[in-house]
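This account leads the reader from the surface of a protein model to a group of aromatic side chains. Please keep the sequence and the structure in view while reading.

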Amino acid sequence: MSLSTSRRLALLTSASLALLAGCGSSSDPADGKSTPARVAVVASTNVYGDIARRIGGDRVDVTSVISDPDQDPHSYEADPQNQLALSRAKVVIENGGGYDDFVDPMLKSGHNDSAQVINAVDVSGKTAPESGELNEHVWYDVPTVAKVADRISAALTEADPGDAAAFEKNTTAFKARLAPLEAEEAHIKRAHGGDGVAITEPVPLYMIEASGLVNRTPAEFSEAIEEGDDVSPRVLQKSLALFSGRRVKALVYNEQTSGPQTEKAEAAAKAAGIPVVPVTETLPKGKDYLGWMTANLDALASALNR
């Protein structure tokens, strides 16, 4: 960050805090009564932002740092507007696990040490396997999302105790709508348990595993793609052979981090008549979390049934 940008952030943050000091309530000019201000929530991506809106309803004001489906969260750089939002947030939702490392430094530089910070990876309880790496994409794990929803509800209740009943009701309704997702995963598992699939990145692995499918992609391929590294010719050839040898029934393809080598995998799958199931890391435009995950599972089931 340049010195001029740092100064600009400091000035913006100071000005914002001064304005916000007098914004704890709003008055209705008709009756002179005051109503509590909405709870300011900042989420690292629009995935968690959408979940927060489902639980908070009209009692929250949610800012999602990353909301562009074409943006790679791994390469995000700090933005003054988001820095400003974090400086006034009462609740902050981050993924954790190294996925959105920009959140904590921005929160610190905004001098906001009173916000309740929800780390989804911590909430999940998931850890790296022995001699392996943690798959940090926990929003593809339905049980984790239910736990995060409970944690968001608790944080909002602490920030706004008067609306606790509404938050609890909304959380119960949201979790009830997660049940069909798990039911669909169980259905796929009964029909296709043990079938092989390929991936370009670990993004959808929790969904794949819950559906009883086996990821046959060489770890060196998906890890290199996730890190933005080149795949060695040997590993690339081994990965492409999955399609020519018809050892997998689908390719689950992360559209947000495509490049020459993932495009080769996609081309090889299509040439072999193997369906390609596109997925993303953040919400596509016009989708909410529940609709998005339903569409992902429907597409996966359709591909496997071909």
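The accessible surface of the protein comes to about 14,600 Å², and carbon and sulfur atoms contribute 50% of that area; the areas come from the Shrake-Rupley method with a 1.4 Å probe, and for residues only the protein chains shown count as cover. The model is predicted: local features need pLDDT of at least 70, side-chain atom pairs count only at pLDDT 80 or more, and totals for chains, interfaces and linings use all residues. Residues are numbered from 1 along each chain as its sequence is written, and side-chain values use heavy atoms, with hydrogens and water left out.

The protein has 13 helices and 10 strands, which are DSSP runs numbered from the N terminus (helices: H or I, at least four residues; strands: E, at least two). Of its 306 residues, 48% count as buried, that is, under 20% relative accessible area with a 1.4 Å probe, protein chains only. Among contacts (heavy atoms within 4.5 Å) with a separation of 6 or more, 66% join residues 24 or more positions apart.

Six aromatic pairs are found in the whole structure; rings of Phe, Tyr and Trp (its six-membered ring) pair if their centres lie within 6.5 Å, and planes under 30 degrees apart count as stacked, over 60 as edge-to-face and the rest as tilted. The pair of Y140 and W292 is edge-to-face because the ring planes stand at 70°, with the centres 5.6 Å apart. This pair links distant parts of the chain, 152 residues apart: Y140 lies in the loop between α5 (120–124) and α6 (142–159), and W292 in helix α13 (residues 289–304). Y140 is buried at 1% relative accessible area, and W292 is buried at 3%. Both belong to one aromatic cluster formed by Y48, Y99, W139, Y140, F174, Y289 and W292.

How values were computed. Buried < 20%, exposed > 50% of the residue type's maximum accessible area, 1.4 Å probe, protein only.
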